Protein chains: 2
Amino acid sequence: MSAGNVFPPPVRLLLGPGPSMIHPRVLQAMSTPLVGHLDPAFLAIMEENKRLLRWLFGTANELTIPVSGTGSAGMEMCFVNLVEPGDEVVVCVNGLFGQRMSDVARRCGAEVHEVSAPWGRIVDPEDVRRALQQCRRPKLLAVVHAETSTGVLQPLDELGSLAKEFGALFLVDTVTSLGGHPVRVDAWGIDACYSGTQKCLSAPPGLAPVTFSPRATEVARKRRQPIQSWYLDVTLLSQYWGSDRVYHHTAPITMNYALLEALRLIEAEGLEARWQRHERNHRALVAGLTALGLSLASQEGYRLWTLNCVEVPRAVNDAQLRGALLNEFGIEIGGGLGPFKGRAWRIGLMGESSTAANVLAVLSALEQTLPRFGFPVEPGSGVAAAERVFAAR
Amino acid sequence: MSAGNVFPPPVRLLLGPGPSMIHPRVLQAMSTPLVGHLDPAFLAIMEENKRLLRWLFGTANELTIPVSGTGSAGMEMCFVNLVEPGDEVVVCVNGLFGQRMSDVARRCGAEVHEVSAPWGRIVDPEDVRRALQQCRRPKLLAVVHAETSTGVLQPLDELGSLAKEFGALFLVDTVTSLGGHPVRVDAWGIDACYSGTQKCLSAPPGLAPVTFSPRATEVARKRRQPIQSWYLDVTLLSQYWGSDRVYHHTAPITMNYALLEALRLIEAEGLEARWQRHERNHRALVAGLTALGLSLASQEGYRLWTLNCVEVPRAVNDAQLRGALLNEFGIEIGGGLGPFKGRAWRIGLMGESSTAANVLAVLSALEQTLPRFGFPVEPGSGVAAAERVFAAR
């Protein structure tokens, strides 16, 4: 593409691991002229975002804010504030984002105890118990709720109880679950939780909603050593987002407009209805994929509704098939990461992307494309299987 | 404001320290539907942004990218990659952002040597030389080009020569100068430079353009200790922004659209014309303020064209006057920070905000408002003085 014609880009149907589709009201909000980051009108928007995020996270935590970076900045924000050099941290690793947590914790000087499970499977709480027992004094237990690299949903109730039993802070990544699956920060005893705007919230990437329990906030405030990040220092951030309104950095105004409008859409739909929608569309997609002879790479019974990790059939060239979907159908699906590279597709049904029409569109595109790549399928069989799920509701 | 009516916010004329006004084409770009962060169409947009940022920074540096955070994230990105625990760093401090650099450098474990000057004055290169001489082995010399807290423009040529003479990396903050004042990264021997999108680039806040010289990139790659930040790790970032396209984090797609459109507008105007426009409007504003009997808080001969730091007259209540401008005229100007709190106003004329109409609007609003706050002025005298500057071009 030459310099002149790179913008605007082509219209895509986003069914990958994020970003997801954006509602027109959110896109429209992004073109609203700016106000200053200390303008009373912006402070009112910040308050409304905090209120709606608390509701979405299922928490009464005062410290509940959108951090000015993407989901990975949210991860880093949690670790840099809560972990000091020499702290023992137990990290569950069954995919790329668990690995990333482990990496980030080490950069904070943590002594990391990894609890591993194969990619595509959940982490066994008994293994977590053993790891906690091996610690002299575990500071923190970290786990990914919805592993975006494998499509696995990790149950959290037992892990929350373990963290409590061992006196560890409980840190949870909900990047690919918040707004698509139930997330109950207070009920599950979560001390620190982060997410991103570009998955089930269906706002553009650029903010990381984060919530800290009073205990986590206290731990960050009473550190022996200064927080290594100025940008993500929770004490400074809370002075801006709290009643003091002390200038810290210039908040991304437009992204906060988008977040507000996205949260209002979620509020209007209702959380229960939204979860049901995500579950139904996931079941329809899986029925269709199964009818086409495809298999999921994630453990049955623990599959995300929001991201479907599909095994690439042996005969099929991963990149070429994804290229055909993109170029011929305008559909983006994701490739695999790490050990799943070339071996798995990731089909996201998150937020605005989770619709019956999109399930049918991607199944139809696969039906039309797979035979050309040496994987014969019965025309219409995937779509028909999905339709049966929709009809049964 | 109640929950229901916080959005959309009122329309403001943004003449504070940022964000500045946004061109309609940039606002419109923000409402463009998203593509994925690994979509070939997005990679083409990234390439175009890199090309235009190189042109804007006056550099051939391969590593020239918009970091996924605000300007302060750009500052942190430079320090965390270049500074290791125990390194000696010389930081020029004559305002809030110099202080912040010093704070960030300490959090990286640096042994910081501060070179101070009073707020409102430039740092003396002879003081910098002495500080460099006192170091065993200075790793880095850091300075703010355009001090947003005081309105002072620091000359860089001599400091660049000093950094070179002592073998130190030269790190420069151009948050409030890039796109408004000449910035010549290569010609001035700058090794690391960061800015923000919400000042003279007139895009919303949310990205921090950063450029690293080959030498700086090499220093970051050859560190003895791992970089404390995963999110801002230049080696990982360059794998995504370089030809490898390795997934790191999900780039803020929409903000990159906005940046592209903002950079294209700058390209269309031309840098020389843009600098002249900023200088002329600054001179007109200063003529008007002077005619009203107001004084600037920044050293004559070293004043920013982009941000005018004005002394609050003794009789006038700072917050009340700014409130009157905001509520009665819809005009935002900034208050003072640190020692300038309550003592200075900051009137920004950055990017799209730097127009003759805006100069006249803020002078007229001051003429109408100041007398009510116990500071009599001749009606029309400020506007007339500005008009004489415009007429003289």
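Below are legends for a set of close-up views of this predicted model. Residues are numbered from 1 along each chain as its sequence is written, while chains are lettered from A and ligands numbered from 1 in the order in which they are written. Because the model is predicted, local features need pLDDT of at least 70 and side-chain atom pairs count only at pLDDT 80 or more, whereas totals for chains, interfaces and linings use all residues.

**View 1. Chain A meets chain B.**
Here 60 residues of chain A are in contact with 60 residues of chain B; contact means that the C-beta atoms of two residues, placed from the backbone, lie within 7 Å. On the chain A side, the elements that give two or more residues are helix H1 (24-30), helix H2 (40-57), helix H3 (71-82), helix H4 (96-107) and helix H9 (253-269). Helices (H or I, at least four residues) and strands (E, at least two) are DSSP runs, numbered from the N terminus. Sorted by class, that side of chain A has 35 nonpolar, 18 polar and seven charged residues. Ala, Val, Leu, Ile, Met, Phe, Trp, Tyr, Cys and Pro count as nonpolar, Asp, Glu, Lys and Arg as charged, and the others, Gly among them, as polar.

**View 2. How the two copies are related.**

**View 3. Helix H9 of chain A.**
H9(A) is mostly covered, with 12 of its 17 residues buried. A residue is called buried if 20 or more other C-beta atoms lie within 10 Å of its own, exposed if 12 or fewer, and partly exposed in between, with C-beta atoms placed from the backbone. Among the buried ones are A:Ile253, A:Tyr257, A:Leu260 and A:Ile266. What do the buried residues of H9(A) pack against? Their partners are H1, H2, strand S2 (63-67) and helix H10 (271-291) of chain A, together with helix H1 (24-30) of chain B. The 17 residues of H9(A) should span 24 Å at 1.5 Å a residue, and its end C-alpha atoms are 25 Å apart, which agrees. The expected span is 1.5 Å times one less than the number of residues. Just after H9(A), A:Gly270 takes a positive phi of about 90°.

**View 4. Helix H12 of chain B.**
In H12 (residues 356-369) of chain B, the buried residues are B:Asn358, B:Val359, B:Val362, B:Leu363, B:Ala365, B:Leu366 and B:Thr369. Down the axis of H12(B), they fall within an arc of 160°, so they line one face of the helix. The arc is taken from the directions from the helix axis to the C-beta atoms. Packed against these residues are, among others, helix H11 (318-329) and helix H13 (381-392) of chain B.

**View 5. A three-stranded sheet in chain A.**
Three strands of chain A form an open sheet in the order S11-S14-S13, with antiparallel pairing. Strands S11 (307-311) and S13 (334-335) of chain A stand at the edges with a single partner strand each, so one side of each is left without a neighbour in the sheet. Strands pair if DSSP finds at least two bridges between them. Five bridges join S11(A) to strand S14 (residues 344-348) of chain A. Within S14(A), A:Trp345 is the bridge partner of A:Val310.

**View 6. Strand S5 of chain B.**
Seven of the seven residues of S5 (residues 138-144) of chain B are buried, so this strand is largely enclosed by the rest of the structure. Strand S3 (residues 88-93) of chain B pairs with S5(B) in the parallel sense over four bridges, and B:Val89 stands opposite B:Leu140 in S5(B). Strand S8 (residues 169-173) of chain B also runs parallel to S5(B), joined by five bridges. There, B:Ala142 stands opposite B:Leu171 in S8(B).

Most residues other than glycine have a negative phi, and most peptide bonds are trans. The peptide bond from A:Phe7 to A:Pro8 is cis, with omega near -5°. A:Arg245 is not a glycine, but has a positive phi of about 60°. B:Ser202 has a positive phi too, near 55°, and is buried, with 28 other C-beta atoms within 10 Å.
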